[in-house]
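Here is a protein chain to walk through together, a bit at a time. Have a look around it first, and then we'll go from the overall picture to a few particular residues.

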Amino acid sequence: MRYLVWILRLVIFVIVLLFALKNTAPVDVGLFADHVLRQIPLIVVMLTAFVLGVAFGLLVAATSILRRHREINRLRRELARAQDALDHPQSASAPVIPETVAPLAPL
């Protein structure tokens, strides 16, 4: 299985390398306010767009990942408290009178 993964990585690397070698033609990139970058290789523009897309995707995904980690930690603490309550039950020393729990309201 490990060899299959390395072969797949090698094939992907070769495909990306061939793609990069085929897209070396210089292009002009128009930016804001009529600012133009001239004669930039197309592969540089494409790789820059890819890296910016990955960075933006990770930034968006980071919020949900952090939220999940907080929820997991909260559930672990809750589980530990419940487990502790099962392992060390507290015995009731005096009976609870219902009026001390919820006093009756006058009518």
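**A walk along the chain**

The chain exposes about 10300 Å², and carbon and sulfur atoms supply 71% of that area (accessible areas come from the Shrake-Rupley method with a 1.4 Å probe; for residues, only the protein chains shown count as cover). Keep in mind that this is a predicted model, where local features need pLDDT of at least 70 and side-chain atom pairs count only at pLDDT 80 or more, while totals for chains, interfaces and linings use all residues. Residues are numbered from 1 along each chain as its sequence is written, and side-chain values use heavy atoms, with hydrogens and water left out.

How many helices and strands does the chain have? There are 3 helices and 2 strands, and along the sequence they follow the pattern α-β-β-α-α. (Helices, H or I with at least four residues, and strands, E with at least two, are DSSP runs numbered from the N terminus.) Of the 107 residues, 4% count as buried; buried means under 20% relative accessible area, exposed over 50%, and partly exposed in between, with a 1.4 Å probe and protein chains only.

Let's start with helix α1, which is where you'll find Leu-17. Leu-17 counts as partly exposed because its relative accessibility is 41%. Together with Leu-10, Phe-13, Val-14, Leu-18 and Leu-21, Leu-17 makes a nonpolar surface patch of about 590 Å². (Patches are made of residues with over 30% relative accessible area and no salt bridge; like charges are joined within 9 Å, and nonpolar side chains, meaning Val, Leu, Ile, Met, Phe, Trp and Tyr, within 5 Å.)

Is Asn-23 buried or exposed? At 17% relative accessibility, Asn-23 counts as buried. A polar atom of the Asn-23 side chain lies 2.9 Å from the backbone oxygen of Phe-19. Leaving aside residues up to four places away in sequence, Asn-23 touches Leu-42 and Ile-43 (contact means heavy atoms within 4.5 Å). Thr-24 is in that loop between α1 and β1 too, and its C-alpha atom is separated by 6.0 Å from that of Ile-43, 19 residues apart along the chain.

Now for the strands. Between β1 and β2 (36-41) there is a loop holding Asp-34, whose phi is near 60°, a positive value in a residue other than glycine. Gln-39, in strand β2, has a positive phi of about 60° although it is not a glycine.

What about charged partners? Side chains of opposite charge can pair when their charged atoms come close. The count here comes to 3 salt bridges, each being a side-chain nitrogen of Lys or Arg within 4 Å of a carboxyl oxygen of Asp or Glu. One of them joins Asp-28 and Arg-38, with the closest N and O atoms 3.4 Å apart. Asp-28 lies in strand β1 and Arg-38 in strand β2, so this pair ties together parts that are 10 residues apart in sequence.

Finally, follow helix α2 (residues 42-87), where Glu-71 and Arg-74 sit 3 residues apart, separated by about one helical turn. Their side chains meet in a salt bridge at 2.6 Å, N to O. Arg-74 also meets Glu-78 in a salt bridge, at 3.1 Å, and these two lie 4 residues apart in helix α2, about one turn.

How values were computed
Polar contact = N/O pair within 3.5 Å; in protein donor to acceptor, adjacent residues only side chain to side chain.
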